Amino acid sequence: MKKINHLEVILKISERCNLNCSYCYVFNMGSEIALNSAPVISNTTITTLKSFLEKIAEEANPDTIQIDLHGGEPLMLKKERFIHLCETLRSGHYKNAELRLALQTNATLIDDEWINIFEKFNVTVSISIDGPKHINDKYRLDHKGRSSYEATLNGYKSLCSAAARGILPFPSVLSVIDPDSDGKELFKHLYHDMQCRNFDFLLPDCNYENPTNTEGVQRFLSDICDAWFEQNDPNCDVRILTSHLTKLAGTSRYIALGITPQNDMYKAVAITVTSTGDIYVDDTLRSTLSDLFVPIGNISDSTYDQIANNRHMRELIKIESSLPDDCQECIWKTICAGGRPINRYSKDNAFNNKTIYCDANTTWSKCCIPRRTGYK
């Protein structure tokens, strides 16, 4: 069996959330999978997951296994069970693989006890916030329509305080792009106001059936690119930019799942595991209601070979590794590979479309080159 370099498991430890973000692909884009799942992961599923990962390690011998503790809001899982989860996974025997635990959270529930748990089990934390209050609160409100900004910022400050004491790494920040916002204003807020040095921007999970203001996204990306180069701080990593520049430089081994195209030099596999142990492919595809996003197995009885050779997994890999018809002659095809599947979807052509962000990607790619090389 061919070795894989990296296995990433998006683990739904909580299928509920204390916020009601309007753009959320889990709850607000037509899928009811989360609401029909167990609210939180059980102790039985946790034990089964450890055995599943040990089996995968024997079969595929990955260099790294990354568990993305995800939701919903993962910190809605009670602390006692969260501790049990971490203890169980850390006690596994994964052959030569390094086990990484990562958490994506809205940070509103973080307190000192959570900080201690993250430290004890070496959990890397990233928070979700979309910018200053007037931008963040356009989409990221609770179920009563109240702001989440202050609570998220307080959680972020607690993590930064712990990092300053050497307890945790400084948290990274993940923001969903608002096409109507000012990219430079958002960069300023994250870099100067929040003192963040590791952040990323997500393209909205939109497609031909659920369009958005792509010209606004184009402008936003160009503004972010300009602001980053103008700041000229080698310690500031904006992943959507650094990964793009790495591909422009011709590096083939660098893979950022969901951002850069796959290649034969580095084999990375990602699966989604629900609170009940069902296995799915790319988590964002649930919002397309595509036939691809159906269970392809369960951790209780699936092998790596069964997962890798499942019809839906093979179809997704084909989509990710094959260019849409519209992209065959494009000079940027080795950089974006047609875009993320979620942004290529339409009912008529499925995923055989260029990304809806094609113009945005090409425009800011052209913006990157003179800034990176010095050529005008």
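Guide: Two strands count as paired when DSSP finds at least two bridges between them. Strands (E, at least two residues) and helices (H or I, at least four) are DSSP runs, numbered from the N terminus.

Visitor: What kind of model is this?

Guide: This is a predicted model, in which local features need pLDDT of at least 70 and side-chain atom pairs count only at pLDDT 80 or more, while totals for chains, interfaces and linings use all residues. Residues are numbered from 1 along each chain as its sequence is written, and side-chain values use heavy atoms, with hydrogens and water left out.

Visitor: OK, strands. Which residue does valine 9 stand opposite?

Guide: Isoleucine 271, which is in E8. Strand E1 (residues 6-12) and E8 pair in the parallel sense, over 6 bridges.

Visitor: And in which sense do E8 and strand E9 pair?

Guide: In the antiparallel sense, over 2 bridges; E9 covers residues 278-280. Threonine 272 is placed opposite tyrosine 280 in E9. The hairpin of E8 and E9 has 4 residues between the strands, and glycine 277 there takes a positive phi near 95°.

Visitor: How many residues of strand E8 are buried?

Guide: 5 of the 6 residues in E8 (268-273) are buried, so to speak mostly covered. Buried means under 20% relative accessible area, exposed means over 50%, and partly exposed is in between (1.4 Å probe, protein chains only).

Visitor: What do the buried residues of H10 pack against?

Guide: They pack against E8 and helix H9 (304-308). The buried residues of H10 (residues 311-321) are His312, Met313, Leu316 and Ile319. Seen down the helix axis, these buried residues fall within an arc of 120°, so they line one face of H10. The arc is that of the directions from the helix axis to the C-beta atoms.

Visitor: Which exposed residues are on the face of H10 turned away from that side?

Guide: Arg311, Lys318 and Ser321.

Visitor: Now helix H3. Which of its residues are buried?

Guide: In H3 (residues 112-120) they are Trp114, Ile115, Ile117 and Phe118. They fall within an arc of 160° seen down the axis of H3, so they line one face of the helix. On the other side of H3, Asp112 and Lys120 are exposed.

Visitor: What caps the N-terminal end of H3?

Guide: Aspartate 111 does, with a side-chain oxygen 3.1 Å from the backbone nitrogen of glutamate 113. After H3 comes asparagine 122, whose phi is positive, near 55°.

Visitor: How many salt bridges does the structure hold?

Guide: 15. A salt bridge is a side-chain nitrogen of Lys or Arg within 4 Å of a carboxyl oxygen of Asp or Glu. Aspartate 111 is in one of them, with lysine 79 (2.7 Å, N to O). That pair links distant parts of the chain, 32 residues apart: lysine 79 is in helix H2 and aspartate 111 in the loop between E3 and H3.

Visitor: Is aspartate 200 buried or exposed?

Guide: Aspartate 200 counts as buried, because its relative accessibility is 6%. Aspartate 200 forms a salt bridge with arginine 239, and the closest N and O atoms are 3.1 Å apart. Aspartate 200 lies in strand E6 (residues 198-202) and arginine 239 in helix H8 (residues 239-248), so the pair ties together parts that are 39 residues apart in sequence. Arginine 239 is partly exposed, with a relative accessible area of 32%.

Visitor: Changing topic: how many residues has the largest nonpolar core?

Guide: It has 94 residues, and Phe201 and Val238 are among those with the most contacts inside it. The largest share of this core, 8 residues, comes from helix H7 (residues 214-231). A nonpolar core is a set of buried Ala, Val, Leu, Ile, Met, Phe, Trp, Tyr and Cys residues joined through side-chain atoms within 4.5 Å.

Visitor: What is phenylalanine 201 in contact with, leaving aside its neighbours within four places in sequence?

Guide: The list includes Ile177, Leu190, Phe220 and Val238. Contact means heavy atoms within 4.5 Å.

Visitor: Last one: where does asparagine 353 lie?

Guide: Asparagine 353 lies in the loop between helix H11 (333-336) and helix H12 (358-373). At 7% relative accessibility, asparagine 353 counts as buried. A polar atom of its side chain lies 3.1 Å from the backbone oxygen of alanine 350.

Notes: A polar contact is a pair of N or O atoms within 3.5 Å; within protein, one must be able to donate a hydrogen and the other to accept it, and residues adjacent in sequence count only if both atoms are side-chain atoms.
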